[in-house]
Amino acid sequence: MRESEAQKLNFMLIFSLVLIFCFNDSQCSSLHNSLIFDQRADNLLPEISPTGNPEPLYPLLGPSPSSPFTITNNTAPKLSGLCTLDFDAIDTMLSITATDCFTVFAPYLANVVCCPQLEATLVILIGQSSKKTKTLSLNSTHAKHCLSDFDQILTSQGADNTLQQICSIGPSNLTEASCPVKDVDGFEKMVNASKILDSCRKIDLVNECCRETCQNAISEAAKELASVSNEFDAMGIRRLSDISTRVINDCKSIVLRWLASKLEPLRAKEALRGLANCNLNKVCPLVLPNVRPVAQGCGDEISNHTTCCNAMGSYVSHLQKQSFLTNLQAINCAASLGNKLQKENITSNVYNLCHVNLQDFSLQGSGCLLPSLPSDATFDKYSRVSFICDLNDHIPAPWPSISHPAPSSCNKTVKVPALPAATSGQRGLYADAVMFLLVYAMTFILATTR
């Protein structure tokens with residue numbers, strides 16, 4: 001192991017032990033009260049150098065331990081008694097979701113882990129329940145009760161209590177919305193059910209995003225369902241071209257719920273999370289501030305390298321307070337920021353000049369990029385809450401150019417970090433990956449949220 005990596009892991013262990021002491025204290029029910037930080041979060045943030053390597057951040061000591069660490073809040077969920085969905089059928093899924101959306105980490109894992117898992121769990125809940133209810137949606141009143149019960153169960157297992165806001169989930173996500181078909185019998189009469197199962201029963205997590213085998217089957221079925229509400233033309237043929245994108249997307253939700261009813265919950269989770277990653281890896285989820293300060297520091301064909309890199313480092317440090325990213329998302333963010341800078345007449349590769357790496361776009365305090373394939377946080381009594389980080393991503397951020405477009409996972413001539421070879425299709429091929437302790441990242445996260 002390289003010396004720098006060994007030092008990083010040593011710091012991680014030290015920080016973890018210190019924070020575990022705080023969490024074990026019975027008075028640490030409020031995370032914001034258990035660690036006292038300066039009112040100005042920036043005073044505790046590590047200095048971001050032009051190389052993107054922050055100075056280590058040291059936490060303040062918490063009280064001594066007096067009770068065991070637990071992921072639950074030890075309160076029984078207060079259920080409405082008005083929801084008929086079968087929560088018992090997805091108890092394992094609920095546990096996974098509660099860990100993926102664990103308390104204050106939910107906003108920082110939202111776009112990659114928490115929200116995709118939360119959405120998949122709701123789809124599977126309705127799908128599995130449809131075996132008894134024979135319907136793939138809820139009415140608005142029923143949806144409110146069930147979503148409230150869903151929140152209560154997750155919160156009782158340690159999840160954040162504001163997941164509806166974090167993930168933009170509401171009762172309408174449990175209804176049929178604008179899709180005209182919602183009952184199981186009507187669904188199976190209209191679509192090619194065997195094609196959906198054949199295409200989506202076992203998704204190739206490596207190749208699905210490029211080949212779109214399952215996605216095409218889902219889209220085809222959704223269009224069939226959406227066509228029910230369309231009028232016929234003079235020849236008695238439905239005008240499919242008039243179907244709105246909104247209706248088709250709403251019907252895709254119905255198709256996914258039906259698919260989830262035909263698969264075991266964990267197999268359905270794998271399929272749904274794989275499909276979700278195809279979409280989330282295509283975008284940059286970060287909010288990119290105005291790049292004018294960087295343009296000013298790097299103007300005049302970068303006459304002063306130090307000024308330019310200081311401006312770039314300051315800009316990137318703001319990005320590092322937002323969210324964990326996957327490798328592909330980091331590449332997309334590098335391309336988006338590079339394009340913004342080029343529009344400000346910065347043509348030189350400032351990433352190379354200032355040693356900006358892909359890791360610099362992800363939440364710092366960890367320098368962690370998550371794998372491009374679906375992953376979950378885990379919990380056990382030894383490692384507490386943890387998730388996978390890839391330590392191989394100290395690679396330069398790609399500067400966009402016409403002759404060298406942004407790398408794509410579908411371009412087999414380009415090596416994308418943390419993606420297995422296209423011929424393997426196996427999980428777990430993350431060289432030098434480690435299980436990163438979330439309690440280490442908490443130090444930085446709490447500092448930046450005060």
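User: Why is threonine 103 called partly exposed in this model?

Analyst: Happy to walk you through it. This is a predicted model, and threonine 103 comes out at 22% relative accessibility. Buried means under 20% and exposed means over 50%, with partly exposed in between. The value of 22% falls in between, so threonine 103 counts as partly exposed.

User: Where does threonine 103 lie, and what is its phi?

Analyst: Threonine 103 lies in the loop between H3 and H4. Its phi is positive, about 30°, although threonine 103 is not a glycine.

User: What makes alanine 177 partly exposed?

Analyst: Alanine 177 has a relative accessibility of 47%. That lies between the cut-offs of 20% and 50%, so alanine 177 counts as partly exposed. You will find alanine 177 in the loop between helix H6 (163-166) and helix H7 (184-190). Its phi is near 55°, a positive value in a residue other than glycine.

User: How do you know that cysteine 101 and cysteine 114 form a disulfide?

Analyst: Look at the sulfur atoms: those of cysteine 101 and cysteine 114 are 2.1 Å apart. A pair of cysteine sulfur atoms within 2.5 Å is a disulfide, so this pair qualifies. In general, a disulfide is a covalent bond between the sulfur atoms of two cysteines.

User: Why is the disulfide of cysteine 101 and cysteine 114 called right-handed?

Analyst: The torsion about its S-S bond is about 105°, and therefore the disulfide is right-handed. The pair links distant parts of the chain, 13 residues apart. Cysteine 101 sits in the loop between helix H3 (91-100) and helix H4 (106-133), while cysteine 114 is in helix H4.

User: Why do cysteine 101 and cysteine 114 count as buried?

Analyst: Cysteine 101 has a relative accessible area of 0%, and cysteine 114 is also at 0%.

User: How many disulfides does the structure hold?

Analyst: There are ten disulfides in the structure. One of them is formed by cysteine 298 and cysteine 308, with sulfur atoms 2.0 Å apart. This link is right-handed, with 90° about the S-S bond. Cysteine 298 belongs to the loop between helix H13 (292-297) and helix H14 (299-302), and cysteine 308 to helix H15 (residues 305-319). Both cysteine 298 and cysteine 308 are buried.

User: What makes the link of cysteine 309 and cysteine 354 a disulfide, and which hand does it have?

Analyst: The S to S distance between cysteine 309 and cysteine 354 is 2.2 Å. It is within 2.5 Å, so the pair counts as a disulfide. The torsion is -90° about the S-S bond, and the link is left-handed. Cysteine 309 lies in helix H15 and cysteine 354 in the loop between helix H17 (350-353) and strand S2 (369-370), so the pair ties together parts 45 residues apart in sequence.

User: What makes helix H16 mostly covered?

Analyst: Count the buried residues: twelve of the 17 in H16 are buried. Among them are Asn327, Leu328, Ala334, Gly338 and Leu341.

User: How does the span of helix H16 (residues 327-343) compare with what is expected?

Analyst: From its first C-alpha to its last, helix H16 reaches 25 Å, close to the 24 Å expected at 1.5 Å a residue. Just after H16, asparagine 345 takes a positive phi of about 70°.

Technical notes
Residues are numbered from 1 along each chain as its sequence is written. This is a predicted model: local features need pLDDT of at least 70, side-chain atom pairs count only at pLDDT 80 or more; totals for chains, interfaces and linings use all residues. Side-chain values use heavy atoms; hydrogens and water are left out. Helices (H or I, at least four residues) and strands (E, at least two) are DSSP runs, numbered from the N terminus. Buried means under 20% relative accessible area, exposed over 50%, partly exposed in between (1.4 Å probe, protein chains only). The expected span of a helix is 1.5 Å times one less than its number of residues.
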